[in-house]
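Welcome! Take a moment to turn the model around on your screen, and then let us walk through it together.

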Amino acid sequence: QVQLVESGGGLVEAGGSLRLSCAASGRTFSMYVMAWFRQAPGKEREFVAAISASGGDTYYQDSVKGRFTISRDNAENTQYLQMNNLKPEDTAVYYCAAREAIPTSDFNSWGQGTQVTVSS
């Protein structure tokens, strides 16, 4: 497994922006599909965005399309989530996750989470 540490969360007003970072260590970062998940109070954890090992393919939950951008820097072993036009419903703990870039793998490496709070 790879070790993951998120940073960049905080409190922002609606319409504002935040950039989350996830630093990876322990394994070859470029061999992993990376993703962001989030969990709001009283709700189940949900998928937000994912990026392929090479960075060439990205996937988003419908509610964040056009507002969030996932990216990665394999030379720096880091992935990012740029969040623009934030809404109160984006308030959640955001988790970085990783899985090996093979068809049968699951997301089995997780960070500790970073809180994002959007005020109305």
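## The end of the chain

Leaving out residues up to four places away in sequence, Ser-120 touches Ala-14 and Pro-88; a contact here is a pair of heavy atoms within 4.5 Å. You will find Ser-120 in the segment after E11, where strands (E, at least two residues) and helices (H or I, at least four residues) are DSSP runs, numbered from the N terminus. Ser-120 counts as exposed because its relative accessible area is 88%. The words for this scale are buried for under 20% relative accessible area, exposed for over 50%, and partly exposed in between, with a 1.4 Å probe and protein chains only. From C-alpha to C-alpha, Ser-120 and Ser-54 are 37 Å apart in space and 66 residues apart in sequence.

## How to read the model

This is a predicted model, in which local features need pLDDT of at least 70 and side-chain atom pairs count only at pLDDT 80 or more, while totals for chains, interfaces and linings use all residues. Residues are numbered from 1 along each chain as its sequence is written, and side-chain values use heavy atoms, with hydrogens and water left out.

## The whole protein

How many helices and strands does the secondary structure come to? The count is 0 helices and 11 strands, so that the elements read β-β-β-β-β-β-β-β-β-β-β from the N terminus on.

Along the principal axes, the C-alpha atoms fill a box of roughly 40 × 25 × 25 Å. The radius of gyration, taken over C-alpha atoms, is 14 Å, which agrees with the value near 14 Å for a compact globule of 120 residues. That globule rule is 2.2 Å times the number of residues to the power 0.38. Of the 120 residues, 44% count as buried. The accessible surface comes to about 6,200 Å², and 46% of it belongs to carbon and sulfur atoms; such areas come from the Shrake-Rupley method with a 1.4 Å probe, and for residues only the protein chains shown count as cover. Among contacts between residues at least 6 apart in sequence, 55% join residues at least 24 apart.

## A sheet of four strands

Now look for an open sheet of 4 strands, with the order E1-E3-E8-E7 and antiparallel pairing. Its edge strands are E1 (3-7) and E7 (68-73), each of which pairs on one side only. From one strand to the next, the twist averages 15 degrees, with axes being lines fitted to C-alpha atoms (for helices over the stretch in contact) and angles running from 0 to 180 degrees between N-to-C directions. Two strands pair if DSSP finds at least two bridges between them.

Let us cross the sheet step by step. E1 and E3 pair in the antiparallel sense over 5 bridges, and Leu-4 stands opposite Ala-24 in E3. Next, 6 bridges join E3 to E8, again antiparallel; here Cys-22 has Gln-79 in E8 as its bridge partner. Finally, E7 is joined to E8 (residues 78-83) by 6 antiparallel bridges, and Ile-70 stands opposite Leu-81 in E8.

## Two buried residues

Is Ser-21 buried or exposed? Ser-21 counts as buried because its relative accessibility is 18%. Ser-21 has its place in strand E3 (residues 18-25). Beyond residues up to four places away in sequence, Ser-21 touches Val-5, Glu-6, Ser-7, Trp-36, Thr-78, Gln-79 and Tyr-80.

Thr-114, in strand E11 (residues 114-119), is also buried, with 10% relative accessibility. Neighbours within four places in sequence aside, the contacts of Thr-114 include Glu-6, Ser-7, Gly-9 and Tyr-94. The side chain of Thr-114 reaches the backbone nitrogen of Gly-9 at 3.2 Å.

## Two asparagines in loops

Asn-77 lies in the loop between E7 and E8, and its phi is near 55 degrees, a positive value in a residue other than glycine. With 28% relative accessibility, Asn-77 counts as partly exposed. The C-alpha atoms of Asn-77 and Thr-114 are separated by 18 Å, and the two residues are 37 apart along the chain.

Asn-85 lies in the loop between E8 and strand E9 (92-100). Its phi, near 50 degrees, is likewise a positive value in a residue other than glycine. Asn-85 counts as partly exposed, at 42% relative accessibility.

Notes
A polar contact is a pair of N or O atoms within 3.5 Å; within protein, one must be able to donate a hydrogen and the other to accept it, and residues adjacent in sequence count only if both atoms are side-chain atoms.
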